[in-house]
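Hi there,

Here is the structure I promised to pass on to you. Please open it alongside this email, and I will walk you through what was found.

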Amino acid sequence: MLTTVLLFIAVTVVRWLRDSGSPLYVADLHVALGAVGVLIGAVLTGLILTPPGRRSGGHMNPAVTVALWLVDAFPGRSVPPYVLAQLAGSVAGTGLARLVWGDAVSLPPVVYGAIRPAATWEPASVFLAEAGCMMALILAVAFFLGHTRYIRLLPYVIGLSIALVIALLGPLSGGSINPARQFGPAALSGQTTALWIYLIAPILGAVIGAAIYHLFMWRFHACQPLTHKLAGDDDREKGD
C-alpha cells in the first residue's frame, strides 16, 4: 500500500511539473527535478511516519529491505514477500496514476514517470552513481539504527537524502536508487533499456554498504550489532 501511494504521487508530480499542458509546468529540467526531490522526500518521510509505515518498518525500497536483513535488523524470511509487495505496489501505483490522469501520463515527456539517464552518461557511470548513493544511504541508516538516541531522526534523514539524490543526480543518472521506483513505470511504458541498472545497482550498493557496516563492527569495533541494540531497547521497554 505504501509503495502504491509513493508511486502514484511520484508519477502525479512528474505529470504536473513536466507535462507542457499542465498549469504547473516547469520547463527547466533541473528546477523541475529539484521540486520533485523536495516533494518526494517530504512524501516519503510522511509515509514512514504513518501508522502503516511504523508497523511495517516503512521501507518501500527492495535495496533497503535487503540491507536491513544483512545488518541483522530485519528477518531474512520476510525479504521475499516485502520485495514482491514493493514491486507489485510500484506497478499498482503507476497504473492508478494512468487511470486517474489518463493519456497525459503515458505520453512524452512524462511517460509514466520512467527515469532516464542523461544522454552524455554511459551505463557504467549510471551504475556507479546509483550504487554509490545507495551505499551511502545504507551507512546512514545503519548509523542511526545503531545509535538509538538519534533514531527518531531517521525518517527525516531518509527523506532529505532522497530529495538530494533526485535533485542532484536526477538530471544525470536519473536519481532512482530504488528498484521499485523504476520497475512499475518501466513495465507500463516499455522503456526497459536501462532497467537492469536501476534494479541491480541499488541492491549491489546496499550489499556493499552492509558489508562496510560489518567491517567496522567486527574488525574495528566501531559499533555494536544492531541486534544487540534492538534487544536492549526491547528489554528496557519490558522493564518500563
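**Two helix pairs and two residues**

In this predicted model, the axes of helix H1 (residues 2-18) and helix H5 (residues 79-101) come within 7 Å and cross at roughly 40°. Helices here are DSSP runs (H or I, at least four residues), numbered from the N terminus. Axes are lines fitted to C-alpha atoms over the stretch in contact, and angles run from 0 to 180 degrees between N-to-C directions. H1 and H5 are therefore oblique to each other; angles under 35 degrees count as roughly parallel, over 145 as roughly antiparallel, 65 to 115 as roughly perpendicular and the rest as oblique. The crossing of H1 past H5 is right-handed, a term used if the near helix is turned clockwise from the far one by less than a right angle.

On the H1 side, the contact (heavy atoms within 4.5 Å) includes Leu-7, Phe-8, Val-11 and Trp-16, and on the H5 side Gly-89, Gly-93, Leu-96 and Trp-101 are among the residues. This contact of H1 with H5 holds nine nonpolar, eight polar and one charged. For these classes, Ala, Val, Leu, Ile, Met, Phe, Trp, Tyr, Cys and Pro count as nonpolar, Asp, Glu, Lys and Arg as charged, and the others, Gly among them, as polar.

Now for the second pair. Helix H2 (residues 29-49) packs with helix H8 (residues 154-169) at an angle of about 160°, and their axes are 8 Å apart. That makes H2 roughly antiparallel to H8. Their contact includes Leu-33, Val-38 and Ile-40 of H2, and Tyr-156, Ile-162 and Ile-166 of H8. By class, the contact of H2 with H8 has 14 nonpolar, five polar and no charged residues.

Is Val-38 buried or exposed? At 55% relative accessibility, Val-38 counts as exposed (buried means under 20% relative accessible area, exposed over 50%, partly exposed in between, with a 1.4 Å probe and protein chains only). The C-alpha atoms of Val-38 and Ile-166 are separated by 8.5 Å, although the two residues are 128 residues apart along the chain.

Thr-65, in helix H4 (residues 62-70), is buried, with a relative accessible area of 0%. Leaving out residues up to four places away in sequence, Thr-65 touches His-59, Phe-74, Val-79, Tyr-82 and Gln-86.

Two notes for reading the numbers. Residues are numbered from 1 along each chain as its sequence is written, and side-chain values use heavy atoms, with hydrogens and water left out. Local features need pLDDT of at least 70, side-chain atom pairs count only at pLDDT 80 or more, and totals for chains, interfaces and linings use all residues.

Happy exploring!
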